[in-house]
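Colleague: I've got a model open and I'd like to learn how to read it. Can you walk me through it?

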Amino acid sequence: MDLIKIAEEAFKTDSVEVPSFGAGDTISVSYKIKEGNKERIQVFKGVVIQIKGAGTAKMVTVRKMSGNQGVERIFPLNSPFIDQIEVNRYGKVRRKRIYYLRALTGKKARIKERRI
């Protein structure tokens, strides 16, 4: 009886509701970080550079500027460590993969906002 409950908990997926977003949108990803026996939530807010994969293998690359240094992080959307995903702004871009943003700085790196 106990073994069945343990197995169900191990394979239980606490999948988070993923809002619809695309490249150019600014999102905040709340990510659980375990340090020893402590657990905390860190928020990574940035622009979606690309969405890759499909189904359970779907991954999102998010880029933010930390000071004058660009930081990119890849999040698997099916990860149990993702606590919440929130869309802050909808951006208007013409491509699905906006790698050209890496070379731009300052006002050139701004993305127009899409009206909804």
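Predicted model: local features only at pLDDT ≥ 70, side-chain atom pairs only at ≥ 80, totals over all residues.

Colleague: Which strands does β1 pair with?

Modeller: β1, residues 26–35, pairs with β2, residues 38–52, in the antiparallel sense over 10 bridges. β1 also pairs with β5, residues 82–89, again antiparallel, over six bridges. To find your place, look for K34 opposite E39 in β2, and V29 opposite I85 in β5.

Colleague: What happens at the turn in the hairpin of β1 and β2?

Modeller: Two residues lie between the strands, and G36 takes a positive phi near 70°.

Colleague: Is β1 mostly covered or open?

Modeller: Mostly covered: seven of its 10 residues are buried.

Colleague: How should I think about the nonpolar cores?

Modeller: In soluble globular proteins, nonpolar side chains tend to be buried together. Here the largest nonpolar core has 14 residues, and F21, I27, V60, F75 and I85 touch the most other members. β1, β2, β3 and β5 each give two or more residues to this core, with the largest share, four residues, coming from β1.

Colleague: Which residues does V60 touch?

Modeller: Leaving out residues up to four places away in sequence, its contacts include F21, I27, V48, I74, F75 and L77, along with Q50 and R73. There's also a second, separate core of five residues, among them V47, I49, I98 and L101.

Colleague: Why does A103 count as exposed?

Modeller: The cut-off for exposed is over 50% relative accessible area. A103 counts as exposed because its relative accessibility is 67%. You'll find A103 in the segment after β5, and its C-alpha is 51 Å from that of K5.

Definitions and conventions:
Residues numbered from 1 in each chain as written. Heavy atoms only, no water. Buried < 20%, exposed > 50% of the residue type's maximum accessible area, 1.4 Å probe, protein only. Pairing = 2+ DSSP bridges. Core = buried A, V, L, I, M, F, W, Y, C linked by side-chain atoms within 4.5 Å. Contact = heavy atoms within 4.5 Å.
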